[in-house]
Amino acid sequence: MGHFHTESISAMSSRVWFITGCSSGFGQELALEALSRGDKVIATARNKDKLKILQEAGAETMELDVKATLYELRDVASRVIESHGRLDVLVNNAGYGLQGTVEEITYDVWSLK
Ligand SMILES: NC(=O)c1ccc[n+]([C@@H]2O[C@H](COP(=O)([O-])OP(=O)(O)OC[C@H]3O[C@@H](n4cnc5c(N)ncnc54)[C@H](OP(=O)(O)O)[C@@H]3O)[C@@H](O)[C@H]2O)c1
């Protein structure tokens with residue numbers, strides 16, 4: 001089953017990716033990998049300056065805080081679809097891990113970032 005899935009994806013022609021949280025970690029690595037395969041990548045982060053590596057590697061970069069209002073998020077989605085005609089892969093990667101017990105983690109701690 002997994003094998004079939006891999007084959008059908010690799011058979012697709014150049015894809016358009018939209019990846020959130022690309023200033024470091026998985027987001028940045030995924031973006032570089034997709035670019036190296038000849039795909040188009042729209043890489044986002046809260047601070048565009050942190051996306052220079054990806055911009056130099058050929059990505060289109062965009063500022064986006066995933067905690068923006070629904071109105072702003074819809075606007076970004078519309079602009080991407082308008083300029084690329086489609087979106088093949090959405091990677092909702094932005095985020096962070098927080099470990100602790102429910103009793104220890106208050107709303108203020110949880111919403112710090
Ligand atoms: N690393 C692991 O072992 C692991 C394990 C399980 C799950 N994950 C998940 O995988 C994802 C990536 O992890 P990572 O280790 O690659 O983390 P990372 O290196 O800390 O990268 C997180 C990315 O998310 C961005 N981000 C955080 N809050 C954001 C917001 N409100 N709006 C837009 N961007 C935001 C950060 O951008 P800024 O520069 O703007 O801060 C950064 O680019 C996270 O969702 C994490 O929870 C990671």
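Hi everyone, two notes before we start. Residues are numbered from 1 along each chain as its sequence is written. The model is predicted, so local features need pLDDT of at least 70 and side-chain atom pairs count only at pLDDT 80 or more, while totals for chains, interfaces and linings use all residues.

Let's begin with the layout. The chain has five helices and four strands; helices here are DSSP runs of H or I with at least four residues, strands are runs of E with at least two, and both are numbered from the N terminus. Reading from the N terminus, the elements go α-β-α-β-α-β-α-β-α.

How do the four strands line up? They form an open sheet in the order β3-β2-β1-β4, with parallel pairing; two strands pair if DSSP finds at least two bridges between them. β3 (60-63) and β4 (89-91) are at the edges with a single partner strand each, so one side of each has no neighbour in the sheet.

Now look at β1 and β2, which run parallel and are joined by four bridges. V16 stands opposite K40 in β2, and I19 has A43 as its bridge partner there. In a regular strand, side chains alternate between the two faces of the sheet. In β1, V16 and F18 point one way, W17 and I19 point the other way, and all are buried. Buried means 20 or more other C-beta atoms within 10 Å of the residue's own, exposed means 12 or fewer, and partly exposed is in between, with C-beta atoms placed from the backbone. β2 is largely enclosed by the rest of the structure, because five of its six residues are buried. Across the chain of 113 residues, 20% count as buried.

Is S14 buried or exposed? It counts as exposed, because it has 10 C-beta neighbours inside 10 Å. Leaving out residues up to four places away in sequence, S14 touches G38, D39 and K40; a contact needs C-beta atoms, placed from the backbone, within 7 Å.

On to the core. The largest nonpolar core has 14 residues, and W17, I19, C22, A31, V41, A43 and L54 have the most contacts inside it. Such a core is a set of buried Ala, Val, Leu, Ile, Met, Phe, Trp, Tyr and Cys residues joined through C-beta atoms within 7 Å. β1, α2 and β2 each supply at least two of its residues. L54 touches C22, Q28, A31, A43, A59 and T61, again not counting residues up to four places away in sequence.

Finally, the ligand. Which residues come nearest to it? Of the 21 residues around the ligand, the nearest are G21, G25, R46, A94 and G95; to be near, a residue's C-beta atom, placed from the backbone, must lie within 6 Å. Helix α2 (residues 25-36) gives the largest share of this shell, three residues.

Thanks, and I'm happy to take questions.

Definitions and conventions
Contact = placed C-beta atoms within 7 Å.
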